[in-house]
Amino acid sequence: MQISSYAQSLSMRNSINTIQTQLQDLQRQLTTGLKTDSYAGLGDSRSLVLALNNQVSASNSYLGTIQTTQLRLKSSMDALTSMNGIASELKSGSLTSKFNLTSSGQTDLQITAGMRLSEAIDLLNLNVGDRQLFAGKDTQTTPVVSGDLMLNGDTTRAGFKTVIAQRNAADLGDGKGRLTLSTPAADTVSIGEDVAGSPFGFKLSNVSSTLGGATVTGPTGSPATVDVAFGASLPSEGQSISLDLNLPDGTTTTVTLTATTASPAAAGQFMIGADAATTATNFQMALDASLQTEAKTSLVSASTVQAGNDFFGNPPTRVDGPPYDSATATVAGTANDTVFWYQGDTSGTAGNNFIATIGDGAQVAYGARADQSALSTVVKNAAILAAVSYTGTDSTEAGAYSQLIKRTGSSLNYDNGGQTLQGVITDLGLKSSTLDTAQTNLQTQISTSKSVLSDTQNADEYDVATKLNSLMTQLQASYQVTSSLSKLTLVSFL
């Protein structure tokens, strides 16, 4: 007959089961390193762990966006830095180039400009990670056409050279820059614009005169005219008259004629005749020659630059003709008749067309577009230099070339204001710096969150080992007591 208490035995067995369950849990903690294998086991910390895990996941996603964006920014800045080098080279060349033609009818600077144009196009067509960097939101379209198509066009579409030729014809007219010379009276010369409101040729801006005995009026009327009427008292040697003329590209030039008694009169002079009528005739002939010279130099160069402004606009514009030498308006080119040099996205304002989300409620607009003024200026001026050629037989060509490179140099120096290429590079650099800061903050945030998660979820190996040893000791003691109780009988008791 056993004398062990049923209640004692049952209690001891329950205690052993509890200890075994605790041992299993501690062994699991030691193996997995986690306090629990379910969120439910975290108790009140469950919501905190879920929130922190979501935060870490979101932060890692933002870091991925930042890394991708940084690659695009660096590639863009590298490309634009190279373009800035092209601009500097052509600008420096424009300041020092001489009119020494090669067999191609161009100077060394112009030949270099053609090569640099191709390089600039390649840079603007840069593709990184199957994404065009300078096409705006149209990331799968190559933004800039080839240099050959840009300059020469094809069988159905006019290229830049054709647009220049048509613009030059429209601005030069019959050779005097669309100005007319007439003699409403024997002693009077009238200088007038040929058509009111026309965008082509010279535009009369102002006149100043020291000619004795001459009455000068204008510019007045529409189209504007200037009248020079010589009187009985004739001009004296050295007295002069100057016409200020506006040019198509927004610049100005001045034609000055000086009275002289020398025969024949030199360029820029008119001979004082025996009377007013003869002096008026001499003045008209000298003015005709001076206007033609000015038209072949400053006007044709300004015309070429304006053709660049027209062609590299969006859309390109060109002279409404034929005929071109008497045209009175421009017309927008179409994709069927004119090469569109830029093929990318044209919506909105060029630049900062991409948006990167780099944090909760934090976004950065970034990027540059090929048709952005600072970028297209380099392409345009390289194309202007590359598109023009000379015969080497006209004495005015050296002057025309000098006027042309003066304008390209000024344009590449961004003398007209606006954002510069270096400004775009700096802006991209600032965006990159913003991303660096955001990346550092996110990494710190992730580190902090993981630290809290570790404290909340991870088991302390030392603490677990200590508890295991303690429970093992308890379990061993419990087994010994149970064993003793199972052997306790009346006989052994007596």
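**Close-up views of a predicted model**

**View 1. The largest nonpolar core of the predicted model.** This core has 68 residues, and those with the most contacts inside it are Leu80, Phe134, Met150, Phe160, Trp341 and Leu375. Helix 2, which spans residues 46–96, gives the most to this core, with 12 residues. Apart from this core lies another, of 31 residues, which include Phe202, Ala224, Leu247 and Leu291.

**View 2. The surroundings of Phe160.** Phe160 is one of the residues with the most contacts inside the largest nonpolar core. Leaving aside residues up to four places away in sequence, Phe160 touches Met150, Leu151, Ala307, Gly308, Phe311, Phe312, Ala383, Ile384 and Ala387.

**View 3. The largest pocket.** The volume of this pocket is about 460 Å³. Its lining consists of 26 residues, and Val305, Arg407, Ser410, Ser411 and Asn416 lie nearest the centre of the pocket. Two or more lining residues come from each of strand 7 (252–260), helix 6, helix 7 (373–387) and helix 8 (397–412). Helix 8 provides the largest share, six residues. By residue type, the lining divides into 16 polar, six charged and four nonpolar residues.

**View 4. The second largest pocket.** This pocket holds about 320 Å³ of space. It is lined by 18 residues, of which Asn168, Val300, Val388, Ser389 and Tyr390 are the closest to its centre. Helix 5, helix 6 and helix 8 each supply at least two residues of this lining. Eight of the lining residues are nonpolar, six are polar and four are charged.

View 5. Pro223 belongs to the loop between strand 4 (214–220) and strand 5 (225–230). Pro315 lies in the loop that runs between helix 6 (276–311) and strand 9 (317–319).

**View 6. Positive phi at Asp130 and Arg178.** Asp130, a residue other than glycine, has a positive phi, near 60 degrees. This residue is found in the loop between helix 3 (108–124) and helix 4 (147–152). Asp130 counts as exposed because its relative accessibility is 55%, where the cut-off is over 50%. Phi of Arg178, likewise a residue other than glycine, is positive and near 65 degrees. Arg178 is placed in the loop between helix 5 (160–172) and strand 1 (179–185). With a relative accessibility of 4%, Arg178 counts as buried, since that term applies under 20%.

Technical notes
Residues are numbered from 1 along each chain as its sequence is written. This is a predicted model: local features need pLDDT of at least 70, side-chain atom pairs count only at pLDDT 80 or more; totals for chains, interfaces and linings use all residues. Side-chain values use heavy atoms; hydrogens and water are left out. Helices (H or I, at least four residues) and strands (E, at least two) are DSSP runs, numbered from the N terminus. Buried means under 20% relative accessible area, exposed over 50%, partly exposed in between (1.4 Å probe, protein chains only). A nonpolar core is a set of buried Ala, Val, Leu, Ile, Met, Phe, Trp, Tyr and Cys residues joined through side-chain atoms within 4.5 Å. Contact means heavy atoms within 4.5 Å. On a 1 Å grid over the protein atoms alone, a cavity is a set of points where a 1.4 Å probe fits but cannot get out, and a pocket is an open set with protein on both sides within 12 Å along at least five of seven lines; lining residues have an atom within 4 Å of a point. Grid points are joined across faces, edges and corners, and a volume is the space filled by probe spheres set on the points. Ala, Val, Leu, Ile, Met, Phe, Trp, Tyr, Cys and Pro count as nonpolar, Asp, Glu, Lys and Arg as charged, and the others, Gly among them, as polar.
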